Amino acid sequence: QFIDSTSYYNYGVITWDGNKYVVDEVYNNHPVVNVTWFGANAFANYYDYKLPNEFEWEKASRGDTGCDYPWGGFYGDDISLYSNYYNSGDSFDNGTTPIDYFINDSTSNQSPYGVIDMVGNTYEWTNSWFDVNPPFKNGNAVIGKTVRTQRGGSWKSPTYSLRSWNRYYSEPYTGSPRFGFRVLKDTN
């Protein structure tokens with residue numbers, strides 16, 4: 001299924017034109033969605049980045065604070081000024097919000113390391129595998145040992161899924177309007 005930027009959910013899309021990656025011009029400040037793990041990894045490799053493993057992702061999200069959310073606080077707190085989630089009430093509800101939408105004069109959703117938008121908007125693919133044994137049925141797919149982890153929750157997630165330590169997983173060839181990615185540059 002092709003998703004374009006005119007859809008109800010404010011999707012940012014990215015395509016490969018045979019020579020380079022092209023980002024949708026209408027929603028170029030929204031996270032890119034409907035990306036498989038393979039697509040996210042190919043993009044990262046093309047630009048000499050990498051997908052973080054789930055532990056690198058969690059460290060960037062909450063540091064050593066022990067808090068549930070990057071900006072501090074715990075499950076049950078009102079997080080509507082900090083993140084995009086299911087029925088969050090923001091002006092883009094229910095769909096993706098622009099990058100840094102939740103950074104303003106009165107709030108900041110930054111992690112202890114200054115990283116923004118770590119939770120909500122899209123689940124972010126990581127480079128980590130997760131062993132799901134025995135396999136189980138998730139919709140029409142049988143989930144087995146070939147799953148990659150995702151972190152961060154999405155615009156369609158309840159607030160408990162947005163906790164920095166929460167793990168989600170899917171088969172690497174699965175794309176969804178809830179799946180995106182974040183890259184990091186290895187400085188070694």
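Q: What should I know before we start?
A: This is a predicted model, where local features need pLDDT of at least 70, side-chain atom pairs count only at pLDDT 80 or more, and totals for chains, interfaces and linings use all residues. Residues are numbered from 1 along each chain as its sequence is written, and side-chain values use heavy atoms, with hydrogens and water left out.

Q: OK, salt bridges. How many salt bridges are there?
A: The count comes to nine. A salt bridge here is a side-chain nitrogen of Lys or Arg within 4 Å of a carboxyl oxygen of Asp or Glu.

Q: What does R167 pair with in a salt bridge?
A: With E54, at 3.0 Å from N to O. The pair links distant parts of the chain, since E54 is in helix 2 and R167 is in strand 7 (residues 167-170), 113 residues apart. Helices (H or I, at least four residues) and strands (E, at least two) are DSSP runs, numbered from the N terminus.

Q: Is E54 buried or exposed?
A: E54 is buried, because its relative accessible area is 3%. R167 has 33% relative accessibility, so R167 counts as partly exposed. The cut-offs are under 20% relative accessible area for buried, over 50% for exposed, and partly exposed in between (1.4 Å probe, protein chains only).

Q: Which side chain meets R151 in a salt bridge?
A: E58, also at 3.0 Å from N to O. R151 sits in strand 6 (residues 147-151) and E58 in helix 2, so this pair too links distant parts of the chain, 93 residues apart. R151 counts as buried because its relative accessibility is 2%. E58 counts as buried as well, at 17%.

Q: Which residues are linked in a network of salt bridges?
A: E54, E58, R62, R151 and R167.

Q: New topic: empty space. How is it found?
A: Rolling a probe the size of a water molecule over the atoms shows where empty space is left. On a 1 Å grid over the protein atoms alone, a cavity is a set of points where a 1.4 Å probe fits but cannot get out. A pocket is an open set with protein on both sides within 12 Å along at least five of seven lines. Lining residues have an atom within 4 Å of a point.

Q: What volume does the largest pocket have?
A: About 300 Å³. It has 15 lining residues, and the closest to its centre are H30, P31, V32, I99 and F181. By class, the lining has six nonpolar, six polar and three charged residues. Ala, Val, Leu, Ile, Met, Phe, Trp, Tyr, Cys and Pro count as nonpolar, Asp, Glu, Lys and Arg as charged, and the others, Gly among them, as polar.

Q: How many cavities of 30 Å³ or more are there?
A: One. The largest cavity has a volume of about 50 Å³. Its lining includes Y82, S83, F102 and D117. Five of the lining residues are nonpolar, six polar and one charged.

Q: Where is D117 found?
A: In the loop between helix 2 and strand 3. D117 is buried, because its relative accessible area is 10%. D117 has a positive phi of about 55 degrees although it is not a glycine.

Q: Why point out the phi?
A: Most residues other than glycine have a negative phi, and most peptide bonds are trans. D100 also has a positive phi, of about 60 degrees, and lies in the loop between helix 2 and strand 3. At 43% relative accessibility, D100 is partly exposed.

Q: Which peptide bond is cis?
A: The one from D93 to N94, with omega near -15 degrees. N94 lies in the loop between helix 2 and strand 3.

Definitions and conventions
Points joined across faces, edges and corners; volume = space filled by probe spheres on them.
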